[in-house]
Amino acid sequence: QESQIGVTGLAVMGANLARNIARHGVPVAVHNRTAARTTEFMEHYGGEGDFTAGETVETFVAALERPRRIIVMVKAGAPVDGVIEELTPLLDEGDILIDAGNSHFADTKRRTQACAEHGLRFMGIGVSGGEEGALLGPSIMPGGAREAYAEVEAVLTSIAAQVDGTPCCTYVGPDGAGHYVKMVHNGIEYADIQLIAEAYDLLRHVAGLEVADIAGIFDDWNTGDLESFLIEITAKVLAQRDESTGGPLLDAIVDQAEQKGTGRWTSQDALELGVPLTAITEAVFARTLSSLREEREVASQRLAGPVPGAAKGSTDGLVDDIQKALYASKVVAYAQGFQQMTAASQAHGWDLDLGAMATIWRGGCIIRARFLNRIRDAYVEDPQLENLLLVEYFRDAVADAQDAWRRVVSRATEEGVAIPAFSSSLAYYDGYRRERGPANLIQGLRDFFGAHTYRRVDREGAFHTRWAQDGKEVRTDT
Ligand code: 6PG
């Protein structure tokens with residue numbers, strides 16, 4: 001019997017996806033560049049379902065029914081091109097190549113084009129949920145031609161996580177759209193994680209709580225509006241004891257955050273699109289600052305300022321304030337991420353359905369959260385929504401949280417605890433709701449030193465003042 005789908009790349013994500021598909025009764029052909037891994041896979045999991053081992057690419061391709069559907073799960077970057085190059089001569093017109101890794105959307109655009117020249121249909125699909133998600137039900141963000149998606153839809157929706165009977169998988173858009181949405185998902189994941197880390201820092205070093213108590217607070221928060229996978233596992237990470245010291249494992253972990261690039265890509269693209277993506281970008285920078293461990297050690301001895309944890313003011317109501325500040329900052333981070341998808345959708349002509357994106361993020365993925373139901377509702381009500389902050393539900397939630405938010409940001413600032421994601425989100429909120437900001441002065445300065453011109457509030461046109469000469473204003477666009 002021919003296999004309905006193939007998976008090449010049997011590291012843990014690929015292996016788990018293949019197992020997930022087979023568990024749904026679909027015959028799967030598996031392949032890995034190093035054949036030993038294929039053998040190993042068959043030894044461990046061969047009995048779980050209808051697998052065919054492709055020892056070589058040729059036998060792998062030959063095992064597949066047509067049009068062939070091949071999921072590629074290898075490291076993003078050159079390895080993906082390597083696999084495409086190797087497979088292309090063995091495939092036939094109409095075959096579908098599905099890159100399920102964290103590829104950059106621009107690479108996906110390029111590969112879609114290149115594959116089309118060989119008559120192949122290329123899809124870039126975002127898959128979130130880590131190892132466990134891949135096996136038990138990830139969130140899937142498929143991009144590519146709609147007719148190609150139609151041929152893999154049944155498999156993908158069956159293996160995806162389900163929330164209230166709805167699969168966390170829906171068609172996203174052409175070429176790079178799926179990988180783009182996955183990239184923004186990861187950017188939001190960075191912001192969520194940074195906000196959680198800042199909340200922990202505040203609870204520990206401003207509120208002066210013990211790690212075990214903080215674990216309890218996150219558990220508690222996970223029963224309310226903040227309910228989410230990341231809050232849930234934060235409580236578990238905080239509660240973990242170190243086998244050698246008996247203290248919190250957290251205290252034994254080096255405070256340098258690593259990153260594989262998707263958060264950085266999100267920020268880079270926000271800069272290209274001109275979207276003020278402050279929360280995610282601060283999260284990326286916070287990781288880079290954390291990596292300067294040796295410099296920080298020196299600076300901690302030399303630079304003046306309050307030492308976090310030393311000041312002990314009143315902590316009445318502080319835990320509630322931190323919870324509210326976290327929620328408000330989270331709303332800003334999501335508002336910005338969704339604005340970026342709106343801008344990208346326009347720039348690339350993807351016609352993204354943002355309500356559908358919120359829907360498929362409700363389960364399976366790393367940022368899965370109760371909160372996403374609200375976002376889905378907001379976009380269902382108004383698909384053209386400009387900013388989530390303007391929706392009644394979020395507007396009221398932030399209005400209710402903002403006094404607490406301001407107290408937390410000023411307290412942390414006074415006590416020398418850096419909370420870049422909390423404070424930049426508040427700055428964004430205040431900047432966004434300001435009818436008239438100070439950019440008039442920026443324009444004046446630009447016009448002074450470079451005759452870059454400015455517009456006036458009371459008249460149409462572009463103007464320049466001869467600041468250093470006679471001080472007269474001239475209209476420059478007529
Ligand atoms: C997911 C995750 C996954 C991966 C991140 C980690 O959705 O399942 O986002 O893709 O764990 O890319 O990213 P960093 O290594 O950059 O933190």
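The model is predicted. Domain 1 (5–175) and domain 2 (182–432) both give residues to the shell around the ligand, so the ligand lies between them. An unreviewed UniProt entry lists Lys182 and Glu189 under "active site".

**Ligand shell**
- Around the ligand sit Asn102, Ser128, Gly129, Gly130, Asn186, Glu189, Gln259, Lys260, Thr262, Gly263, Cys365 and Ile366.
- By class, 8 of the shell residues are polar, 2 are charged and 2 are nonpolar.
- Helix 9 (177–205) supplies at least two shell residues, and so does helix 12 (262–273).

**Annotated residues**
- Lys182 lies in helix 9.
- Lys182 has 28 other C-beta atoms within 10 Å; the cut-off is 20 or more, so Lys182 counts as buried.
- Beyond residues up to four places away in sequence, Lys182 touches Asn102, Gly126, Ser128 and Met141.
- Glu189 also lies in helix 9.
- Glu189 is buried because 21 other C-beta atoms lie within 10 Å.

**Nonpolar core**
- The largest nonpolar core has 133 residues; Val72, Leu97, Ile98, Val331 and Leu388 touch the most other members.
- Helix 9 contributes the largest share of this core, 15 residues.
- Domain 1 (5–175) and domain 2 (182–432) each provide at least three of the core's residues.
- Val331 is in contact with Leu388, Leu389, Phe394, Ala397 and Val398, leaving aside neighbours within four places in sequence.
- In soluble globular proteins, nonpolar side chains tend to be buried together.

Terms used. Residues are numbered from 1 along each chain as its sequence is written. This is a predicted model: local features need pLDDT of at least 70, side-chain atom pairs count only at pLDDT 80 or more; totals for chains, interfaces and linings use all residues. A residue is near a molecule or strand if its C-beta atom, placed from the backbone, lies within 6 Å of it. Helices (H or I, at least four residues) and strands (E, at least two) are DSSP runs, numbered from the N terminus. Ala, Val, Leu, Ile, Met, Phe, Trp, Tyr, Cys and Pro count as nonpolar, Asp, Glu, Lys and Arg as charged, and the others, Gly among them, as polar. Domain bounds come from an automatic or database domain assignment. A nonpolar core is a set of buried Ala, Val, Leu, Ile, Met, Phe, Trp, Tyr and Cys residues joined through C-beta atoms within 7 Å. A residue is buried if 20 or more other C-beta atoms lie within 10 Å of its own, exposed if 12 or fewer, and partly exposed in between; C-beta atoms are placed from the backbone. Two residues are in contact if their C-beta atoms, placed from the backbone, lie within 7 Å. UniProt positions are given in the numbering used here, feature names are shortened, and annotations may be inferred rather than shown by experiment.
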